[in-house]
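Biologist: I would like to go through this chain with you and ask what each label rests on. Please set each value against its definition.

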Amino acid sequence: MKVVVKKKDNAQPLVIHTEFIKLQDAMKYANVVYSGGEAKQVIADGQVTVNGETCTMRGKKLRRGDRFAFQGSTFVIENAAE
């Protein structure tokens, strides 16, 4: 008998109304940083992951299904039309 353990997905949905959102803007929209300057700094410091990998590009375009994580919070991008 094979046992499969599934991780509970604690990602919070971040609903956008456009095709994409830049990483720094998504962080501000999710209220995990107070300003674009703070977002720029934590991204440059390598404190943010996108789809499981460290990302240092603040202008990284996030589209439906992409995930980003910062300080223990994970967010998944969803489109409003869905």
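The questions below go from the whole chain to single residues.

Modeller: Some ground rules come before that. This is a predicted model, in which local features need pLDDT of at least 70 and side-chain atom pairs count only at pLDDT 80 or more, while totals for chains, interfaces and linings use all residues. Residues are numbered from 1 along each chain as its sequence is written, and side-chain values use heavy atoms, with hydrogens and water left out.

Biologist: What makes a stretch of this chain a helix or a strand?

Modeller: Both are DSSP runs, numbered from the N terminus: a helix is a run of H or I with at least four residues, and a strand is a run of E with at least two. The chain has two helices and seven strands. Along the sequence they come in the pattern β-β-α-α-β-β-β-β-β.

Biologist: How do you know which strands pair?

Modeller: Two strands pair if DSSP finds at least two bridges between them. β1 and β7 are joined by five bridges and run parallel, so they meet that definition. Within this pair, V15 stands opposite E78.

Biologist: Why are β1 and β4 called edge strands?

Modeller: The open sheet has five strands in the order β1-β7-β6-β3-β4, with mixed pairing. β1 (12–16) and β4 (53–54) each pair on one side only.

Biologist: What makes A39 buried or exposed?

Modeller: Buried means under 20% relative accessible area, exposed means over 50%, and partly exposed lies in between (1.4 Å probe, protein chains only). A39 has 0% relative accessibility, so it counts as buried. A39 is in helix α2. By the same cut-offs, G46 is partly exposed, because its relative accessible area is 30%. Across the chain, buried residues make up 30% of the 82 residues.

Biologist: How do you know where the buried residues of α2 lie around the helix?

Modeller: In α2 (residues 36–44), the buried residues are A39, V42 and I43. Seen down the helix axis, they fall within an arc of 100°, so they line one face of α2. The arc is that of the directions from the helix axis to the C-beta atoms. An α-helix has 3.6 residues a turn, so residues three or four places apart point the same way. The buried residues of α2 pack against α1 (23–29), β3 (48–50) and β6.

Biologist: What does A39 touch, and what counts as a contact?

Modeller: Contact means heavy atoms within 4.5 Å. Leaving out neighbours within four places in sequence, A39 is in contact with Q24, M27 and V33. With the neighbours again left out, G46 touches T54 and T56. G46 is in the loop between α2 and β3, and takes a positive phi of about 75°.

Biologist: What makes a group of residues a nonpolar core?

Modeller: It is a set of buried Ala, Val, Leu, Ile, Met, Phe, Trp, Tyr and Cys residues joined through side-chain atoms within 4.5 Å. The largest one here has 19 residues, and those with the most contacts inside it are L23, M27, V48, L62, F68 and I77. Two or more residues come from each of β1, α1, α2, β3, β6 and β7. Beyond its sequence neighbours, L62 has contacts that include F20, V50, F68 and I77.

Biologist: How do you know that N79 and T18 make a polar contact?

Modeller: A polar contact is a pair of N or O atoms within 3.5 Å; within protein, one must be able to donate a hydrogen and the other to accept it, and residues adjacent in sequence count only if both atoms are side-chain atoms. The backbone oxygen of T18 lies 3.0 Å from a polar atom of the N79 side chain, so the distance is within the limit. N79 is in strand β7 (residues 73–79).
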